[in-house]
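Please look over the sequence and the model below before reading on.

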Amino acid sequence: MKGRSWGIAIAVAALGALIGTVQVTGSATASGAEAPGSTVTLTVGLQQDLDSPNVTAGYLVSSYELWNLQYATLTDKAADDFATIPGLAEEWTASEDGLTYTYTRRDGLKWSDGEPLTAEDVAWTINTSRDQEWINHSATTANLTATALDDRTVEITTSVPDPKLPIMDVYILPKHIWEGPAAGDITTYEALDGVGSGPFTLQEWKPGQEWTMVANPNYWKGRPAIDQVVFRLYTEGGAMVAALENGEIDAAHDVPADLFVEMQGRDDIVTIAGEQGGFTELAMNGMQGGLGDGHPALLDLNVRHAVAHAINRDELFERVALSIGTQRDTLGVSANTEWNPEIPEDQQLNYDPAAANQLLDDGGYLDTDGDGVREMPGGGQKLIFRYAERSESSQSAGIRELVTGWLAEVGISTEVSVYDDTQLTDVIAAGEYDIFVWGWTPFVDPDPLLSYFTCDQVTTDVESPLYNDANWCSDEYDALYVEQNQELDHARRVDLVHQMITLFHNEATYVVLYHDADTQAYRTDRFEGWLRQPAGVGPVLFSNTSPTYFNLRPIGAGSGGEDDDMSTGMLILLIAGGVVVVGAIGYFIMRSRSRRDEKE
Amino acid sequence: MASLVLLIGFVILAIITPWITDRADFNAINTGDNPTNHPPDGDYLLGTDRYGRSVALQLMWGARVSLFVGFAATVLTIVIGVLIGLTAGFFGGWIDSVLMRITDWFLVIPFLPTAIVLAAVLERSLWTIVMVIGITSWPSSARLIRSQVLSVRERLYVDRARALGAGRLHIVGRHILPNVTPLILASATLAVPISILTETTLSFLGLGDPTEISWGGMLDQAQQSSAVTSGHWWYYLPPGVAIMLVVLAFTIFGRALEEVLDPRLRKR
Amino acid sequence: MRAGFVIRKVVGALSTLAFVVVFNFFLFRIVNRDPVNSMFRGRNLKPEKLEELRRKFNLDGSKWDQFVAYVRQLLHGDLGYSLKGSRPVATVIGEALWPTVLLVGTSTLLAMIGITLGYRAGWRRGSAFDTTATSFSMLTYSMPEFWIGMVFLGFFSAKLGWFPVGGLEDPGSHASGLSKWLDELHHMMLPALVLGIAYVGEYMIVARSAMIETLNEDYLQLARAKGMREDEVRRRHAVPNARLPVVSLSAINFGFIFGGAIAVESIFSWPGIGQATYLAVRGPDLPMLQGLFLLISAGVILANLVADLLYGKLDPRVLGR
C-alpha cells in the first residue's frame, strides 16, 4: 500500500536530517578555522548582473567593471582628473602630421596565464576590432590601422585627423585566446577564460548570483593587495543595504536614494554620491525631422520657455533625487566637470509660474472656454501635451506626478503614457510625443554627446532611428560642433563647447532637470584606499577606469563576522530538523505498531 | 453574512471616497511640506510614503481601482465564458469539439504566466489588465456553463419547445439562459476575488497602470522603495490586509451563494 | 492501461504544446518591436552593425519566414538570445532551473502536509479541527503569496535577522558538501515556507472534499459492519478512494506554484526561473520572456499529462471516457 512507502520515505529523510545534525558542529568549526587570514576578499553588492563577460558582446555597466579590471589599456587615465598616463605603453611619439603614433610597450609584460603580452596582441586587437566592428571598440578603432613594428613597438595610423589621440583606451585582448573565437562569430564566445592583463581576472561567474575575480600575479603594477573580489547580486536595493550594514558585503553600488540618505548618519559606513556627468532631462519635441505629430505650440520658443519656467527644478532635485547629485541646468557632456558652463543669470530658466503664464498670455495661448486648459492663439487646439513616461527608472513616476501637476497650474494639460525603453525609443523616432523624460551618461571626451544634437543625427526615417532625441538642430550649433572637433588648443575647445551648451540650453528643447549621481557606500572597517574618479566628485566603484580596486588595502585582520546573525536562523533550522526527525520516528513507530495490531 | 456586510462596506467606501476625500491631497505637488516615510500617528493614520503622500488616502483610492478591475475583468470573463459555453453546449457536434479543444488548451497552459506575458507585450493601462484577466480566465466558466447547458438541454421542456417549432435563439433566451443564470452568478462571485488577486500580482510585477493607484501598485511601490527591508511596515501591510479581507469576503460569500443556488451542492 | 488511452492523452498534450508555440510566436512578434536601438543607445554604432544585430535577434524577414525560422530553432533546442547581452536564452534558463526545482519541490512537499490534514478534516467534518483547518486555508488562499513573502522577509530577516535577506548561498561561498547544503537550506527556508503556506490550504480543501465525497459510500458501511475500527476504515478504505482528485490537483498546482514562485523568488532574490521571469518582465527582455513562458507551459503540460496517465492507472473507470 502507498501508506507504507510514505512512512519509509519520511524515515529516510529523517535519518538524513539526523546525520546532518550530528555533522553540523564538526563542519562549522572546520570552516571557521580555515576562513580568516588565508584569503583577503572584497565583496561588492550590486543589482545588475553581467550581460556577458565577452567584451565584443556585452554593453552593461557591470560588464565594463569586469573589463576595466581584467584588461589593461595602452594608455591609462589618472584617477584624479582623467589625465592621459602610461598604461601598457610606457611612452609614445607622434608624427609631424599628427596622423601616426608609435607606442612602446613596457618590458616583460605577461598575460595572467603566463604567456608574453606583445605588440602583436595590440595590433591584432585594433585591426580585428575595426574589421569586425566590435561594439565596444569600433567607436575608437574605426579609422585606425595598427602595425607591430617589433615585439615592443606598435605603430598606429589614423585615416582622418583625430583629436582624441594619443589616448588609446581600448581593451587589449590576448590574441592566443581570442584568435580562435574571432575566426567565427566572436560575439558568441563565452569568454570565461579569465585571461587578462589587468589587476584582477574572472575566476567564476554564477549568473543571477555573483561573479568572482582573483588577483593577477602578472599585473604590470604588481600583484594587488586583495586576493579576490566578489560581485554579489541583489534584486532589491534594501536587501543589499541590509547586507552592507550587517557586514555581509564591504561595499554597495546603486543604493536606493532613501536608504542612501538614511545611511549618511552612520560612522561605520561612508556614502559616496559619485558623479560622472550623467543627467536627467525633460525633452520637448523639436519636430525637426518632419516625422510624427508633435504639438504645434512646441515650435514656439516662448512656449518651451514657459514649460521650463513652470517646472520647479529645486523641488524636483530635493524630493525626487533627494538632493543626491548636483543641481545643474545644462547638458552633462563629460565625466570631467571643466566642460560645464555657467548660464548667465539673465538667461536662466528658473521656476517662475508667473513668468510662464505671462509668456503664454503674451503669445495668445488663452483659455477662452474656461476649462483650465489653454488653447492655441485664436482658439482651436488645446495645449494638451502627450507625456511619455519611462518605466525603467524608479524616479520617473515621481517626476511625472510633480511635472504634470505644475504644468496644470499654468494651464497646460498632459496625457501620460508609460513606455519601456524599447517602446520609448520607437515613439521618439516616430515623433509621436510632445514631452518625455529620460537621461544620458557621457564619456570622458565631450564629442560623442555633443554630436547627438547635430542635424546629422536627426531621425528622418522611422526605420533607422538616430540619436538626436531632442529632434532639434541648428546651423549655428553644427558649425560650432565642427570647430570644436578640430580644435587642438584645449582652452579654445573648452570655450567652444561652453558656447554650444549655452546655446542648447537657451533653445530649451531639453530642460535639464539635474545631474544624477551613482549612490555608493562602503564600510570603513575592512579596507582603506578608496579612490574617487575624478577626485572629489566621482564614484569609487564603476568609475571610468576603476582604479579603486588595485589601491585598496585591508585594515588589520578583520574579516568574517557574519556567523553571529546566522546562528539564530541556523538554530531554528536545526530545531525544525529535530522536530521532523522525532515526529517521523514517532510516526514510523506508531505505524508499525498498528500494523502489528492488524496482523494479530 | 459578515462577509456580505464587509463587501458592501468596501464597495460603499470605494464609491464615496471622491466625495469625502480630495485626490489632490495626495498629489505630490501638494505634499511637499508633509513628513516623508512617516510612521502612523494621529495626523497620518497609516503613515506616509517617500513623497509624503498619505498611505490611508492611497488605500482608499486604491480600493476603487482594485474593485473596478475585479468587477470589470469578471464581467469580461463571464461574457466570454457564457458565449463559448452556451455555443458549445447548445450546438454540440464539431462546434462543441473545436471550442472545447481550445478551452482545454487555455485550461492547461498556466494562467498567471500567460497573463504576465500578455500584459508585458501590451500597453500599460487598466484596460490591458482587465483584458488580460478576461482572456486567461474564461475557460473554467465556459466548461461549467457548457455542462450545465447540456443537462438543461436534455430536459423535457426544451424538447417540447423544439417540437413546437421555436427558433434556436428563442430556446437559448427563454429556456436555457434562465436555467444557467444562478450558476453564472455564483461563478461570477467566485471569479471576482481571483481577478483582484491577479490584478495585484500583475501590478506588483510592474505591469499595472502607473498613473492609477491600486493595492497591487502600492505593494509594488513599497517593494521598489525598499519598504520591507527598511522596516516601513505601514506601507506594505495595509494593502495586503485590504486585499485579504476583500478576497476572503468574496470567497465566503461566493461559496455561500453557490450552495444556495446549486442544488447539487446543497444536497451534500 | 489501454494503449489507446495513452495515445489519446499524449496527442492531446502535444496539440496543446503546438498551440503554445504558435500563441507564443504571434504574441511576441505581433508587437514587432525592435529593441536593438534602445539597447545600444549612446554607443555610436554604424547602421550596418545595427542591421547585423537585428539579424542576430531574428528581427528581419517576413512574419512567416520568422515563424519558420523560430520553429526550426526550437527543434534544435535554440531559444534565441537574451537582450541582456548575447547570452543564449536556453543557457540562462538552464542555470535557473535547478534552484527553482529545489524550491518548488520543497514547498510542494511542505504543502502536501495539507493532504493529510484535509483527510482528517473531512473525516471529522464539522469538528473544531475541521473548522480551524478550513478557516486557515481560506485565509491563506486570500493572501497574495508574494505579500506573505514580504511580511516574512520584513519580520524574520530584516527585523529579527534570523535568515538571510536573499540569495541562494552566502556571498563568495565556495563551500561544498554539507556546509553548502546547510547554507542553501538556510537561504531556502523562508521562500519555501512562504510557498508552502500559500498552497497548503488548497491541498487541504481538495483532500477534504474528496474525503467527504467518499464518506457516504456503501463500502465504508460494509467495513464498519465487519467490525473494523474507525481509524482503520479511514486509512484502509476511505483514504485510498479519496486519493484520485488529489493526484490531479497536484499536477494543476504545479503550474500555480510556478506562477506564485515568480513574485516570491523575486522577493527573496532566489536565482531561479521565477526571478528570471521577474527580471525579463522588468527589462523587458522579450526573447527571454518568450523562452521562459514556453518552458513553464511545457512543464505544466507535462505535469498534466503525467497526472492524466496516473489517474488512468489508479482508476480503471477513467479509461473508457
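Predicted model: local features only at pLDDT ≥ 70, side-chain atom pairs only at ≥ 80, totals over all residues.

Chain A contains 17 helices and 20 strands. Of its 600 residues, 48% are buried. Among the contacts in chain A with a separation of 6 or more, 69% link residues 24 or more positions apart.

One sheet of chain A can be followed strand by strand. It is an open sheet of five strands, in the order E15-E14-E16-E13-E17, and the pairing is mixed. Strand E15 (413-419) and strand E17 (510-515) of chain A are at the edges; each has a single partner strand, so one side of each has no neighbour in the sheet. From one strand to the next, the twist averages 25°.

Strands of a sheet pair through backbone hydrogen bonds, in either the parallel or the antiparallel sense. Both senses are found here. Strand E14 (residues 384-390) of chain A pairs with strand E16 (residues 435-440) of chain A in the parallel sense, over two bridges. E13(A) and E16(A), in turn, pair in the antiparallel sense over six bridges. Phe436(A) of E16(A) stands opposite Ala388(A), and Phe436(A) is also the bridge partner of Ala283(A). E13(A) runs antiparallel to E17(A) as well, joined by five bridges, with Thr280(A) opposite Tyr514(A) of E17(A).

How many of the residues in strand E13 (residues 279-284) of chain A are buried? Six of its six residues are. In a regular strand, side chains alternate between the two faces of the sheet. On one side of E13(A) are Phe279(A), Glu281(A) and Ala283(A), on the other Thr280(A), Leu282(A) and Met284(A), and both faces are covered.

Helix H6 (residues 113-123) of chain C packs against helix H7 (residues 128-142) of chain C at an angle of about 135°, with the axes 8 Å apart. That angle makes H6(C) oblique to H7(C), and the crossing is left-handed. H6(C) contributes Leu117(C), Arg120(C) and Ala121(C) to the contact, while H7(C) contributes Phe129(C), Asp130(C), Ala133(C) and Thr134(C). By class, these are four nonpolar, one polar and two charged residues.

Notes: Residues numbered from 1 in each chain as written. Chains lettered and ligands numbered in written order. Helix = DSSP H or I, 4+ residues; strand = E, 2+ residues; numbered from the N terminus. Buried ≥ 20, exposed ≤ 12 C-beta atoms within 10 Å, placed from the backbone. Contact = placed C-beta atoms within 7 Å. Pairing = 2+ DSSP bridges. Axes fitted to C-alpha atoms, helices over the stretch in contact; angles between N-to-C directions. Parallel < 35°, antiparallel > 145°, perpendicular 65-115°, else oblique. Left-handed = near helix turned anticlockwise from the far one by under 90°. Nonpolar A, V, L, I, M, F, W, Y, C, P; charged D, E, K, R; others polar.
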